[in-house]
Amino acid sequence: MFCRRRQADAVAEIVLPITPMLDMTFQLLTFFIFTYHPAGLEGQMDFSLPGAGSAPAPEHTEIVCPPDVAPEVKSQITVTLKAQRDGLNDGLLSAIIVRPTEGVEVALTGLPALAKYLKDRRDSPRGGAIDDVQIQAESKLKYAFVMEAMDTCVQSGYQRVGFAPPPDLN
Amino acid sequence: MSHGGSEGSAEPNLTPLLDMVLQLVMFFMLVCNFTMENVNEDVKLPLAQSAKPADKAESEVLYLNLDSKGNLVVTGREQALTSLAEIGIYLRQQYKEAEEAARTKGDKSGDVKTVVIIRGHKDSDFAPVFNVLREAKQAGFKKWQLRATIVRNS
């Protein structure tokens, strides 16, 4: 009798129930296929905001420091972005005005010109002193152009980009 | 001659099929982003070459989706927040909740480490984006990010 039981154990096969596992797997696969939306890769842009009640960059800043101390100049470039308001192309970028803390105001025609201006300024001997870029966009300008301008500034080597309140914002 | 033709059963080999399906399931599980519920897919982000890949280490985030009209779309609410007053109330409420959550975690100062993530539609005006940022700052938030679609240099 003992021998007969041992024979039966040897013959018994372990059958893995594949069907329910396969069912569940297909259900999972279907779920993921339907919920998968391949979107563009999303990235982040860091920026700074002005303090409460801060105004746009001043026209002229005087820096006074002792003669034996190397001046640590933290100047700023304000990039003003103007929006078109002709009723046809409302919100498109119409003009760029760049105003450094020290220096003259320059009107530029487009973002490539802005990139060139910023790179030239950065490469100039005094460029190392330039720290910040402040973007001041008109309230009706499309957000995409503001981001393009910000992108241009970062690509030109200016890592600290911030926003100033729109000049026409109530 | 023990292989009788009539007794033989044709069983499909399921192993490679199962392997492939499981691999597909694993792929989708890995790429599945469960934070998508906070992300409004109607918001088409502006493009930026200098955008860095999103930092997923930040555990406390507040997504603010702005649609093409500049309205704040909040998950769980049917209607978008249109007025600045509504947006301000919402953000102050969120800040208060984040403060309470920080205290519950053991931070007695209740220092809010929540990162405000602005996802603005590319066709929105700049004013609503700036207003939301200003309101977030006035509510007490200290960290923020803008989101953009990364454009690779060709």
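Chain B and chain A bury about 4,100 Å² between them, and 69% of that area is on carbon and sulfur atoms, where buried area means the accessible area, taken with a 1.4 Å probe, that two parts lose on being put together, summed over both. The size of an interface is often given in this way, as the accessible area lost when the parts come together. Phe28(B), Phe126(B) and Leu146(B) supply 18% of the area that chain B buries against chain A, more than any other three residues.

Before I go on, please keep in mind that this is a predicted model, in which local features need pLDDT of at least 70 and side-chain atom pairs count only at pLDDT 80 or more, while totals for chains, interfaces and linings use all residues. Residues are numbered from 1 along each chain as its sequence is written, chains are lettered from A and ligands numbered from 1 in the order in which they are written, and side-chain values use heavy atoms, with hydrogens and water left out.

Let me stay with the interface. In terms of contacts, meaning heavy atoms within 4.5 Å, 47 residues of chain B meet 42 residues of chain A. Between the two chains there are also 13 residue pairs in polar contact, both residues being at pLDDT 80 or more; a polar contact is a pair of N or O atoms within 3.5 Å, where within protein one must be able to donate a hydrogen and the other to accept it, and residues adjacent in sequence count only if both atoms are side-chain atoms. Helix 1 (15–31) of chain B gives the largest share of the side that touches chain A, namely 10 residues, with helices (H or I, at least four residues) and strands (E, at least two) taken as DSSP runs numbered from the N terminus.

One residue on this side that I would like you to find is Ser50(B), which sits in the loop between strand 1 (47–48) and strand 2 of chain B. Is Ser50(B) buried or exposed? With a relative accessible area of 19%, Ser50(B) is buried, since buried means under 20% relative accessible area, exposed means over 50%, and partly exposed lies in between, again with a 1.4 Å probe and protein chains only. Its side chain and that of Asp151(A) are joined by a polar contact of 2.4 Å, and Ser50(B) also touches Met45(A), Val154(A) and Gln155(A), if residues up to four places away in sequence are not counted.

Strands meet across the chains too, where two strands pair if DSSP finds at least two bridges between them. Strand 1 (residues 42–45) of chain A and strand 2 of chain B run antiparallel and are joined by 2 bridges, with Gln44(A) standing opposite Lys52(B).

Now to charge. Side chains of opposite charge can pair when their charged atoms come close. A salt bridge here is a side-chain nitrogen of Lys or Arg within 4 Å of a carboxyl oxygen of Asp or Glu, and 2 of them are counted between chain B and chain A. Asp125(B) forms a salt bridge with Lys142(A), the closest N and O atoms being 4.0 Å apart, and another with Lys140(A), at 3.7 Å.

Within chain A, Asp168(A) and Arg85(A) form a salt bridge with the closest N and O atoms 2.5 Å apart. Because Asp168(A) lies in the segment after strand 6 (160–163) and Arg85(A) in the loop between strand 2 (75–83) and strand 3 (93–100), this pair ties together parts that are 83 residues apart in sequence. Asp168(A) is partly exposed at 30% relative accessibility, whereas Arg85(A) is exposed at 52%, and both belong to a network of salt bridges that also links Lys82(A) and Glu138(A).

Finally, the fold of chain B, which has 3 helices and 6 strands in the order α-β-β-β-β-α-β-α-β. How many residues of strand 5 of chain B are buried? The count is 6 of its 6 residues. Val115(B), Ile117(B) and Arg119(B) point one way from this strand, and Val116(B), Ile118(B) and Gly120(B) the other way. Strand 5 runs parallel to strand 3 (residues 61–66), to which 6 bridges join it, and parallel to strand 6, with 4 bridges. Tyr63(B) is the bridge partner of Ile117(B), while Ile118(B) stands opposite Leu146(B) in strand 6.
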